Amino acid sequence: MEITNVSEYEGIAKQKLPKMVFDYYASGAEDQWTLEENRNAFSRILFRPRILIDVSKIDLATTVLGFKISMPIMIAPTAMQKMAHPEGEYATARAASAAGTIMTLSSWATSSVEEVASTGPGIRFFQLYVYKDRNVVAQLVRRAERAGFKAIALTVDTPRLGRREADIKNRFTLPPFLTLKNFEGLDLGKMDEANDSGLASYVAGQIDRTLSWKVSRLSIQAGAAGIIVSNHGARQLDYVPATIMALEEVVKAAQGRVPVFLDGGVRRGTDVFKALALGASGIFIGRPVLYSLAAEGEAGVRKVLQMLRDEFELTMALSGCRSLSEITRNHIVADWDLPQPLARL
């Protein structure tokens, strides 16, 4: 079957993966309202295209934290990719590099920062939780830096793991032939409390629940370089807004001091355009990478990035935008822009 859009990979992944693995990747917290809303909210934003504009040349290139990339579409951190495909994070890293974009490696990866670096050149960020033992945090940061990673994506919405009922039903554990590679050799306390398959839940328990703005404020003083608007793939607190709904408020609060990025629910090039029109400097995709990886390995991830790029370029052309700087708030109308009775039509 010819794959014509990103969403088709989900069904293929569901067929190919063990139920426990697919459910781990696919599920959100509790009622999964936010999981659906992350997607649905995009449909409440419509285009106001400009026509009769010369769109014979379209430039998708942009700069993120000083690094030039081919398009404002990047890869979000997703854990344990070798559950999806034996090549796991290696395949994702190569696909991102081939597409000229950024890959963010999860600290809960089944490949280490050193192993991912060994796949060849590429611009890579490293996702990190703050653990109770700051020595562990420092070791992870140093290793990522030595391996050539360019930024730390600090996750701050996870003082505890959200309630993901599919994982409870399936009694999810990391398959015994895999391990969280970045934690091998680190002293995480009483590791005898966790065998390899229980390592993920054990590591999650080491996240520092006391982390607060008293600590985080120091990161801003030290020059935090950007903000990612994310609800953790709707896996933490259910009934929070879709990220695309929260984006504009965050962009306004940032006041141009740092770039703001969006993560959550992006499945079309039109979604990318809508995010940029609302002020995002770029977007990150997570589940589409996992599903395409499960379906076709590196080739699948490459295809997802190419399809989103092509759709985004077409959206720009049909909206009358030749470069990212020409995408403005005036190119869209959202339901919250309308008088409320009209918004319900």
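These legends describe one overall view and several close-up views of a predicted model. Local features need pLDDT of at least 70, side-chain atom pairs count only at pLDDT 80 or more, and totals for chains, interfaces and linings use all residues. Residues are numbered from 1 along each chain as its sequence is written, and side-chain values use heavy atoms, with hydrogens and water left out.

**View 1. Overall chain.** The chain has 13 helices and 11 strands. Helices (H or I, at least four residues) and strands (E, at least two) are DSSP runs, numbered from the N terminus. The radius of gyration is 20 Å, close to the 20 Å that the globule rule gives for 345 residues, so the chain is as compact as a globular protein of that length. That radius is taken over C-alpha atoms, and the rule is 2.2 Å times the number of residues to the power 0.38. Along the principal axes, the C-alpha atoms fill a box of roughly 65 × 50 × 45 Å. Buried residues make up 50% of the 345 residues. Buried means under 20% relative accessible area, exposed over 50%, and partly exposed in between (1.4 Å probe, protein chains only). The accessible surface comes to about 16,500 Å², and 53% of it belongs to carbon and sulfur atoms. Areas come from the Shrake-Rupley method with a 1.4 Å probe; for residues, only the protein chains shown count as cover. Of the contacts with a separation of 6 or more, 73% are between residues 24 or more positions apart. A contact means heavy atoms within 4.5 Å.

**View 2. Strand β10 and its partners.** Strand β10 covers residues 282-285. Gly282 and Phe284 point one way, Ile283 and Ile285 the other way, and all are buried. Strand β4 (residues 73-75) pairs with β10 in the parallel sense over three bridges. Two strands pair if DSSP finds at least two bridges between them. Isoleucine 73 stands opposite isoleucine 283. Strand β9 (residues 260-263) also runs parallel to β10, joined by three bridges. Here aspartate 263 stands opposite phenylalanine 284.

View 3. Strand β7 has a covered face, Ala151 and Ala153, and an uncovered one, Ile152 and Leu154. Strand β6 (residues 124-128) runs parallel to β7, with four bridges joining them. The bridge partner of glutamine 127 is alanine 153 in β7. Leucine 154 is found in β7 (residues 151-154). Its relative accessible area is 40%, so leucine 154 is partly exposed. Ile152, Leu154 and Val156 make a nonpolar surface patch of about 250 Å². Patches are made of residues with over 30% relative accessible area and no salt bridge: like charges are joined within 9 Å, nonpolar side chains (Val, Leu, Ile, Met, Phe, Trp, Tyr) within 5 Å.

**View 4. Helix α2.** Lysine 19 forms a salt bridge with aspartate 23, and the closest N and O atoms are 2.5 Å apart. A salt bridge is a side-chain nitrogen of Lys or Arg within 4 Å of a carboxyl oxygen of Asp or Glu. The two residues are four apart in helix α2, so about one helical turn separates them. Lysine 19 is exposed at 56% relative accessible area, whereas aspartate 23 is buried at 14%. Valine 21 also has its place in α2. At 4% relative accessibility, valine 21 counts as buried. Valine 21 and methionine 83 are 62 residues apart in sequence, yet 6.7 Å apart in space, C-alpha to C-alpha.

View 5. The whole structure holds 17 salt bridges. Glutamate 87 forms one with arginine 94, with the closest N and O atoms 2.2 Å apart. Glutamate 87 is partly exposed at 33% relative accessibility, and arginine 94 is partly exposed at 28%. The side chains of glutamate 298 and arginine 302 meet in a salt bridge of 3.0 Å, N to O. They are four residues apart in helix α12 (residues 287-319), so about one helical turn separates them. Arginine 302 counts as partly exposed at 42%. Salt bridges that share partners join Glu87, Arg94, Glu298 and Arg302 into one network.

**View 6. Two loop residues with positive phi.** Most residues other than glycine have a negative phi. Glutamate 30 is not a glycine, yet has a positive phi of about 45°. Glutamate 30 lies in the loop between α2 (19-26) and α3 (33-40). It is partly exposed, with a relative accessible area of 41%. Tyrosine 239 is not a glycine either, and its phi is positive at about 70°. Tyrosine 239 lies in the loop between β8 (227-229) and α10 (243-254).
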